[in-house]
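Thanks for sending this one over. Here are my notes on the disulfides and the aromatic rings, in the order I went through them.

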Amino acid sequence: MRGFACAALVLVACGRLRFDPISGADGDGGIGDGSGSAGPDAPLAGFSHVVAAHNQTCALYRDNKLYCWGNSPSGEVGVGVFGQVLVPTPYILPAGHVDDFSTGGNRSCAIVDGTVYCAGNMESPAQSTPKPYPTPFPATRIGAGDNFVCALSAGAVYCWGDNDLAQLGVGDTGVHASWQRLAFTGDPTIVALEVGDKHACAIDTTNTVWCWGDNNHGSLGTGSTSPAVVAIPTKTLATIRTLPQIAGWHACSLEAGIVRCWGEGDNGELGDGNTNNSATPVTIPTLSGVTVLSTGGGVNEFDASCVSVAGDVKCWGLGMRLGAGNTSPSSVPVTVNGLPGPAVELALGNEHACARLVDGDLWCWGRGVHGQLGDGLQTTSANPVLVVRPP
C-alpha cells in the first residue's frame, strides 16, 4: 500500500491490498494508485484508491476519506451497521490521515496516523464500528485475511487471529488473540506485506520474497504443496523481484510488463491457456506491457486475476469477474467490456471486480447481490456499472 524506504522496489496493485509506492522517487508517500502517479491526496475529483475482498469494497474518496460498501453481517464494512450496504458509506474513523486499509473475510482494518483500527468479527461480539488495535510501534501496512490480520510495524511483521493453516507464520497452528511478531531468518527489514485468505507474503530490503501459511495448491511458490508454519524465502521465486499479489489459492507477479502466476489453475487462474496447478511460476504468453495487476478470490476456489494494458482491462479465471458479458471461466485473458476510459487501478473480491479510471470514477462488475458493486442495487452485472459517488 504505502510508501517505504526501498525506492527501487516496484510493486503492483492487488485485489486485496495495494502496497505500491506512489512515486518511485523518494518512496515515502501515502497510498499509491498502481500507476506511478501522485499519491492519494492529489486527485481531489473522485476516488483515489480501491481495495476489494470477499463481498466488500472500500475506497478513498477526495480528501483522504475512506468509504466502504457491500456485505456486512459481522459489521466488517465498518460503517456502524450490520447487513448490506449498497453505496459507498463513510468508514467510522477518528480524525487523522488514513495511511493504509484492507478488507478480507469478515473483517476490515485501516491505519490512521500509525494506529490500527478494525471492524467485524475481530472478537466477540462482532463490532460494526472500528476500534483500535495498536501495534508495538506505529504501523505502516495492514492486511486483513480470512479471520486473521497482519501489520507491518518498524520493519517487522505482526499477526493475530485464526491460525489453523499457519497463516500467522509464528511456528504453530494455534489461535493467537494478540499481536505476534514473526521471526524471519537473519532478521531482515521487511518493507512490504501482502495478505491472502489463508497465507501471506512479505518482501525485504534485499528483494527476497518470504511467504507462510496455506500452500494447498502451491500458492506459496516454494515448488511444493507443503504449508509453511514460519516465513520462508521462496527460492523458486528468486527471479521475481516484486512482492507477489496473492488471492485464495493462486498468486501472480508483475515485472517489466510480464505476468507470471502459480498455485491453483483448475479454473484457468494461471492464465496460460491450461487448467493445471503449478507450484512454480508460469508466464502468461499473451500479455506484455502490463502496468497494473490485481488478484482476487477466496478459500472456495473463486480465484481470478485482472491486468491493465495500455488502460484496457483484461481478466482470466472464474467468469463472474471477467467482465466479458458472460460468466464463463477463461484460462486466457479476455477484455472487459464497457469501460469508458483507461484503468489506472484494479481490485478483485470473491466474485466481483472494480476498476478506477483516470477521471476518478469507479466501475465494478460481477456478483452484486450484497451491494458490493456500489451502484445502489443488489443485482449481478457481467458488464461494468458505475459506483455511486459520495456527496
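1. Which hand does the disulfide of Cys109 and Cys118 have, going by the torsion about the S-S bond? The torsion is about 110 degrees, so this disulfide is right-handed. The bridge from Cys109 to Cys118 has an S to S distance of 2.1 Å; a disulfide here is a pair of cysteine sulfur atoms within 2.5 Å. Both Cys109 and Cys118 are buried, where buried means under 20% relative accessible area, exposed over 50%, and partly exposed in between (1.4 Å probe, protein chains only).

2. A word on the ground rules. This is a predicted model, in which local features need pLDDT of at least 70 and side-chain atom pairs count only at pLDDT 80 or more, while totals for chains, interfaces and linings use all residues. Residues are numbered from 1 along each chain as its sequence is written, and side-chain values use heavy atoms, with hydrogens and water left out.

3. The structure has 7 disulfides, and another one worth a look joins Cys150 to Cys159, S to S 2.0 Å. Its S-S torsion is about 105 degrees, so Cys150 and Cys159 make a right-handed disulfide. Cys150 is at 0% relative accessibility and counts as buried; Cys159 is buried too, at 0%.

4. Next, have a look at Cys201 and Cys211, which are joined with an S to S distance of 2.0 Å. The torsion about that S-S bond is about 105 degrees, so this disulfide is right-handed. Cys201 sits in strand 14 (residues 199-204) and Cys211 in strand 15, so the bridge ties together parts that are 10 residues apart in sequence. Strands (E, at least two residues) and helices (H or I, at least four) are DSSP runs, numbered from the N terminus. Cys201 counts as buried at 1% relative accessibility, and Cys211 is buried at 0%.

5. Phe184 and Trp212 are edge-to-face, 5.9 Å centre to centre with 85 degrees between the planes. Rings of Phe, Tyr and Trp (its six-membered ring) pair if their centres lie within 6.5 Å; planes under 30 degrees apart count as stacked, over 60 as edge-to-face and the rest as tilted. Phe184 is buried at 10% relative accessible area, and Trp212 is buried at 0%.

6. Searching the whole structure turns up 7 aromatic pairs. Which residues do ring pairs link into a cluster? They are Phe47, Tyr61, Tyr67 and Trp69.
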